[in-house]
Amino acid sequence: MISDGIQAEEGIAVNIIWDKILFVAAQGTLDSRRTQLMMDRVLSKILDNGARAVILDILGVSVIDTAVANHLIKMGQATRLMGCEMVISGISPEIAQTMVHLGVDLGNTTTSSTIKDALQVALTKTGHEIKPIERVRSE
């Protein structure tokens, strides 16, 4: 039987959502071990796929402490060293207040409040854009 901790770790999926763009949705409680596993998986996927941007959505995270915030900063630094930009989305008002209270500075890591905004940032960083399809009117 698999323990709850291992099941939680296995729930960290790194997905390709666009050409050279990765997406990670962090859910539940993040601790140092889970964030280290997340970083390992993200860096491995960057190497495997040549990703240029990764969106880390933390909307489903209820609590962040100093250790986890530091892991997120290190993940941003490590992705940059591999030529990939990390965008953190879904920062709730509670998480934002906690990070400010803890004195956490995400440095050069880009943040956005929504996945939509994060995707726009990632698309721009990878040289892509989404445009509406012009439809031909029939007469």
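Glu-94 counts as exposed, at 52% relative accessibility. The cut-off for exposed is over 50%. Glu-94 is found in helix H4, residues 93-102. In this predicted model, Glu-94 and Val-63 are 31 residues apart in sequence. In space, their C-alpha atoms are 8.4 Å apart.

**The whole chain**

How many helices and strands are there in the chain? There are five helices and five strands. Read along the sequence, they follow the pattern α-β-β-α-β-α-β-α-β-α. The C-alpha trace spans about 60 × 35 × 30 Å along its principal axes.

The chain has 139 residues, and 38% of them count as buried. Its accessible surface comes to about 8400 Å². Carbon and sulfur atoms account for 53% of that surface. Now take the contacts between residues at least 6 apart in sequence. Of these, 74% join residues at least 24 apart.

**Helix H3**

Helix H3 runs over residues 66-81.

Which residues of H3 are buried? They are Val-68, Ala-69, His-71, Leu-72, Ile-73, Met-75, Gly-76, Ala-78 and Thr-79. The cover over these buried residues includes helix H2 (32-49), strand S3 and strand S4.

Look at one residue of H3, Thr-79. Thr-79 has 0% relative accessibility, so it counts as buried. The cut-off for buried is under 20%. What does Thr-79 touch, leaving out residues up to four places away in sequence? Its contacts are Val-42, Leu-43, Ile-46, Val-54, Cys-84 and Met-86.

**Helix H5**

Helix H5 covers residues 115-125. Its buried residues are Ala-118, Ala-122 and Leu-123. They cover an arc of only 135° around the axis, so they sit on the same side of H5. An α-helix has 3.6 residues a turn, so residues three or four places apart point the same way.

What does the buried side of H5 pack against? The buried residues pack against five strands: S1 (14-18), S2 (21-28), S3 (53-61), S4 (85-89) and S5 (110-112). The face turned away from the buried side carries Lys-116 and Thr-124, which are exposed. H5 is followed by Gly-127, and the phi of Gly-127 is positive, near 80°.

**Around strand S1**

Trp-18 lies in strand S1. Is Trp-18 buried or partly exposed? Trp-18 counts as partly exposed, at 36% relative accessibility. Together with Ile-17 and Ile-130, Trp-18 forms a nonpolar patch on the surface. The three residues have about 270 Å² of accessible area together.

Next comes the loop between S1 and S2, where Lys-20 lies. Lys-20 is not a glycine, yet its phi is positive, about 70°. Lys-20 is partly exposed, with a relative accessible area of 35%.

**After H5**

The structure holds one salt bridge. Which side chains meet in it? They are those of Lys-131 and Glu-129, at 3.6 Å from N to O. Both Lys-131 and Glu-129 are exposed.

Glu-134 is found in the segment after H5. Glu-134 is exposed, with a relative accessible area of 76%. Glu-134 and Asp-19 are 115 residues apart in sequence. Their C-alpha atoms are 23 Å apart in space.

| Residue | Relative accessible area | Class |
|---|---|---|
| Trp-18 | 36% | partly exposed |
| Lys-20 | 35% | partly exposed |
| Thr-79 | 0% | buried |
| Glu-94 | 52% | exposed |
| Glu-134 | 76% | exposed |

Terms used: Residues numbered from 1 in each chain as written. Heavy atoms only, no water. Buried < 20%, exposed > 50% of the residue type's maximum accessible area, 1.4 Å probe, protein only. Helix = DSSP H or I, 4+ residues; strand = E, 2+ residues; numbered from the N terminus. Arc of directions from axis to C-beta. Contact = heavy atoms within 4.5 Å. Patch = residues over 30% accessible without salt bridge, like charges linked within 9 Å, V, L, I, M, F, W, Y side chains within 5 Å. Areas by Shrake-Rupley, 256 points an atom, 1.4 Å probe, with all protein chains shown as cover. Salt bridge = Lys/Arg side-chain N within 4 Å of Asp/Glu carboxyl O. Expected span 1.5 Å × (residues − 1).
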